Amino acid sequence: MTITEFKTACSAIEQEYKAKIAAAADLAAVEELRVAALGRKGALTDLLKGLKDFSMEDKKVAGPLGNALKGALSAALEEKTAFFAAKQINDELNKTCLDLTLPAFPAPQGHRHPLSVAMDRMTTILAHLGFEWAEGPWVEDEKHNFDMLNIPKHHPARDAQDTFFADTGSPISMVLRTHTSNVQSRFMEKHRPPLRIMAPGRVFRNDSLDATHSPVFHQIEGLYVDKNVSMADLKQDLTAFMKGLFGNKAEIRFRPSFFPFTEPSAEVDVKCVFCQGKGCPVCKGSGWIEMLGSGVVHPNVLKNCGIDPNEYSGYAFGMGVERLAMMMMNINDIRTFYENDVRVLSQF
Ligand code: DAH
């Protein structure tokens, strides 16, 4: 064999086996090709056996050529083997219908109740306005729920129709607090001005459940007492609060009203977000929705708590959380909050 014949034979083997390896259909076929090309009696092994008859000079050319071809064929065989090995694993996995590359099923996640979400937003805004968190008991004596708040014995708010009386076995008559205003008397009894608190919480009234009433609902009380606190402070803070809640375009109006614990008193309406004030069933055609009661703290209330009304004055407000939440979340039935239908709750 001449060196030229050797080179031609190398090219032929290379072409033939590279094509065959590329076309191999499975691992067994690849193994067969390995034996046929590189095995003890393989085509290339055979060819390389002829090297021993070459001159020294020819060996220097033919040797590296043969080795390079051996390396190239080995690499091609190895690559194909790896491909089939991976394919085999994949096929095995597919057979068991388990695709480990799929993302896991999302686990259903719980979330907060819309009332908590609403309450959180309201208290966050109030916190930004400098109000501190305060709490009071749900089962309350008449003194803190009524007397200290200047609600006289004959006042209709005490009527059994509105108030749940609690039979606690105590000689003192106890009620389920009818408003969060009990926290006013509880807090001012113990703290001296300046004070600025918010008291979010549950309140109870003997009302029957309908689209806008519930015997159990939530209020947030606000109270600010210091020197020279006036109605102007109340207006400014409540305007800031409502804008924080409903956006900068929110409009509010103050309507003169009466509460025993404030003088003067005002109710605050927000322009109806459902109809932008044009009038709709939700606002009963008026364009405004009543949101809270407020006013300048009555001197008697300060006095009852041991604060000198000649030195200090304050404002207070109490708002219905459900009402505000209904406006914020476009809900038109208060019962939505209590029925706990997951399909509804998960929308908020
Ligand atoms: N306590 C009143 C109610 O339940 C709401 C209220 C009105 C609270 C005026 C106040 C206030 O603090 O100043 O309807």
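**Loops, strands and helices of a predicted model**

Biologist: In which loop is Asn 228 found?

Modeller: The model is a predicted one. Within it, Asn 228 is found in the loop between β6 and α8 (231-246).

Biologist: Is Asn 228 buried or exposed?

Modeller: A residue counts as exposed when its relative accessible area is over 50%. Asn 228 has a relative accessible area of 70%, so the term that applies is exposed.

Biologist: What is the phi of Asn 228?

Modeller: Most residues other than glycine have a negative phi. Asn 228 is not a glycine, yet its phi is positive, at about 60°.

Biologist: How does Asn 340 count in terms of relative accessibility?

Modeller: Asn 340 lies in the loop between α11 (336-339) and α12 (342-345), and it too has a positive phi, of about 55°. Values between 20% and 50% fall in the middle class. The relative accessibility of Asn 340 is 45%, so it counts as partly exposed.

Biologist: How many residues of strand β6 are buried?

Modeller: Strand β6 covers residues 216-226 and has 11 residues. The strand is largely enclosed by the rest of the structure, because the number of its residues that are buried is nine.

Biologist: How many bridges join strand β5 to β6?

Modeller: Strand β5 (residues 195-204) and β6 run antiparallel. One of the paired positions is Ile 197, whose bridge partner in β6 is Leu 223. The number of bridges that join β5 to β6 is 10.

Biologist: Which residue in β10 is the bridge partner of Gly 222?

Modeller: Strand β10 (residues 313-320) is antiparallel to β6, and eight bridges join them. In β10, the residue that partners Gly 222 is Phe 317.

Biologist: Which strands stand at the edges of the open sheet of three strands?

Modeller: The open sheet has the order β2-β4-β3, with antiparallel pairing. Two of its strands have a single partner strand each, so one side of each is left without a neighbour in the sheet. These edge strands are β2 (139-141) and β3 (165-166).

Biologist: At roughly what angle do the axes of helix α5 and helix α10 cross?

Modeller: Helix α5 (residues 114-128) and helix α10 (residues 321-329) have axes that come within 10 Å. The two helices are therefore roughly perpendicular to each other. The contact involves residues of α5, including Leu 115, Ala 118 and Met 122, and residues of α10, including Val 321, Leu 324 and Met 328. The crossing angle is roughly 95°.

Biologist: How many residues of α10 are buried?

Modeller: Among the buried residues of α10 are Ala 325, Met 326 and Met 327. The helix has nine residues and is largely enclosed by the rest of the structure, because the number of them that are buried is eight.

Biologist: Which residue follows α10?

Modeller: The residue in question has a positive phi, near 60°. It is Asn 330.

Biologist: What covers the buried residues of α7?

Modeller: In helix α7 (residues 182-190), the buried residues include Val 183, Phe 187 and Met 188. Their cover includes β2, α6 (142-145), β5, β6, α9 (299-304) and β10.

Biologist: In which strand does Pro 264 lie?

Modeller: Most peptide bonds are trans. The bond that joins Glu 263 and Pro 264 is cis, with omega about 0°. Pro 264 lies in strand β8.

Biologist: Where does Pro 194 lie?

Modeller: The peptide bond from Pro 193 to Pro 194 is also cis, with omega near 5°. Pro 194 lies in the loop between α7 and β5.

Biologist: How far from Cys 283 is the nearest cysteine sulfur?

Modeller: A disulfide requires two cysteine sulfur atoms within 2.5 Å, and a search of the whole structure finds zero disulfides. Cys 283 is accordingly in no disulfide. The nearest cysteine sulfur belongs to Cys 275, and its distance is 3.6 Å.

Biologist: What is the relative accessible area of Cys 283?

Modeller: Buried residues have a relative accessible area under 20%. Cys 283 is therefore buried, with a value of 4%.

Biologist: What distance separates the centres of domain 1 and domain 2?

Modeller: The protein is divided into domain 1 (3-94) and domain 2 (114-345). Taken over C-alpha atoms, the centres of domain 1 and domain 2 are separated by 89 Å.

How values were computed: Residues are numbered from 1 along each chain as its sequence is written. This is a predicted model: local features need pLDDT of at least 70, side-chain atom pairs count only at pLDDT 80 or more; totals for chains, interfaces and linings use all residues. Side-chain values use heavy atoms; hydrogens and water are left out. Domain bounds come from an automatic or database domain assignment. Buried means under 20% relative accessible area, exposed over 50%, partly exposed in between (1.4 Å probe, protein chains only). Helices (H or I, at least four residues) and strands (E, at least two) are DSSP runs, numbered from the N terminus. Two strands pair if DSSP finds at least two bridges between them. Axes are lines fitted to C-alpha atoms, for helices over the stretch in contact, and angles run from 0 to 180 degrees between N-to-C directions. Angles under 35 degrees count as roughly parallel, over 145 as roughly antiparallel, 65 to 115 as roughly perpendicular and the rest as oblique. Contact means heavy atoms within 4.5 Å.
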